[in-house]
Amino acid sequence: MVVVAKEHPQVVHEEDSSKRRQILDGARKVFMDLGFDGASMGEIARAAQVSKGTLYVYFADKSALFEAILEQEALQHGQVVFNFDPTRDAKTTLKEFGLAYLHLVCRPGGGSAIRTVMAIAERMPDVGRRYYGRVLDKSINRLSGYLKARVAAGDLDIDDCDLAASQFMELCKASLFLPFVFQAAPAPSEQRMTEVVDSATRMFLAAYKTK
């Protein structure tokens, strides 16, 4: 009797994950170059260097592929460590958060997912809502929680910490994010990001620091 050795499950899993990453890398490039509507499964298969049959083994359609890319984007955002120790002073914490946040949203190539979501959100509102909830709203909530701790400590005087968190994030993006996301300007330099975040922090504390 011939015994056929079964492939080790761990090896199969690693190969499966590697192939999936290969497909997602190819799909991301196609979506970046052609947008959601211009992308086709055939074009994605060519960019990923796999057959269309293999592509459909992993993803049912390009909507599922795009959702997977957005999920990766959310994971990247979640892996960025923001130090929201409630005992840290507001000036230091806000400056560090502002710079980390700008590095995330203005990184080279990082605007492609946002552009694509913006282009299809009206037609596919569920995609827009999920992206906002997983990526943008989560950052607002984390900063808001820190601000509430500093209000409780008496350092800040804020009635609506969710609003204040959104305001600070918008101040940090002022003059940088929109030109970048609409490709009117390259990713901002470290020096320029520092200048804008310093200004945003001064404005924020002038409005909300306990008098």
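A residue is called buried under 20% relative accessible area, exposed over 50%, and partly exposed in between (1.4 Å probe, protein chains only). By that rule, phenylalanine 66 is buried, with a relative accessible area of 2%.

The structure is a predicted model: local features need pLDDT of at least 70, side-chain atom pairs count only at pLDDT 80 or more, and totals for chains, interfaces and linings use all residues. Residues are numbered from 1 along each chain as its sequence is written, and side-chain values use heavy atoms, with hydrogens and water left out.

Confidence was examined next. pLDDT is the predictor's confidence in each residue, from 0 to 100. The chain averages 87. A score of at least 70 is reached by 90% of the residues. Residues 1–6 stay under 50. Where pLDDT is low, the predicted coordinates should not be read in detail.

Aromatic rings were then compared. Rings of Phe, Tyr and Trp (its six-membered ring) pair if their centres lie within 6.5 Å; planes under 30 degrees apart count as stacked, over 60 as edge-to-face and the rest as tilted. The whole structure holds 11 aromatic pairs. One of them joins phenylalanine 31 and phenylalanine 36. Their ring centres are 5.9 Å apart and their planes lie at 5 degrees, so the pair is stacked. Phenylalanine 31 is buried, at 3% relative accessible area. Phenylalanine 36 is buried too, at 7%. Phenylalanine 36 also pairs with phenylalanine 66, in an edge-to-face arrangement. Here the centres are 5.6 Å apart, with 65 degrees between the planes. Phenylalanine 36 lies in helix α1 and phenylalanine 66 in helix α4, so this pair ties together parts that are 30 residues apart in sequence. Helices (H or I, at least four residues) and strands (E, at least two) are DSSP runs, numbered from the N terminus. Elsewhere, one aromatic cluster is formed by Phe82, Phe84, Phe97, Tyr101, Tyr146, Phe168, Phe204 and Tyr208.

Charged side chains were searched as well. Side chains of opposite charge can pair when their charged atoms come close. A salt bridge is a side-chain nitrogen of Lys or Arg within 4 Å of a carboxyl oxygen of Asp or Glu. The whole structure contains 12 salt bridges. Among them is the bridge between lysine 29 and aspartate 33, with the closest N and O atoms 2.9 Å apart. Both residues lie in helix α1 (residues 9–38). They are 4 residues apart, about one turn of the helix. Aspartate 33 is partly exposed, at 48% relative accessibility.

Arginine 130 and glutamate 67 form another salt bridge (2.2 Å, N to O). Arginine 130 lies in helix α7 (residues 125–152) and glutamate 67 in helix α4 (residues 62–79), so the pair ties together parts that are 63 residues apart in sequence. Arginine 130 is partly exposed, at 33%. Glutamate 67 is buried, at 18%.

A further salt bridge links arginine 192 and glutamate 195 (3.1 Å, N to O). Both belong to helix α10 (residues 190–208). They stand 3 residues apart, about one turn of the helix. Arginine 192 is partly exposed at 38%, and glutamate 195 is partly exposed at 36%.

Leucine 178 sits in helix α9 (residues 177–181). It is exposed, at 53% relative accessibility.

Loops complete the survey. Alanine 187 is in the loop between α9 and α10. It is partly exposed, at 31%. Leaving aside neighbours within four places in sequence, alanine 187 contacts Cys106, Pro108 and Phe180. Most residues other than glycine have a negative phi. Glutamine 49, in the loop between α2 (41–48) and α3 (52–58), has a positive phi near 60 degrees. Glutamine 49 is exposed, at 69%. Serine 175 has a positive phi of about 70 degrees. Its place is the loop between α8 (161–173) and α9.

Notes. Contact = heavy atoms within 4.5 Å.
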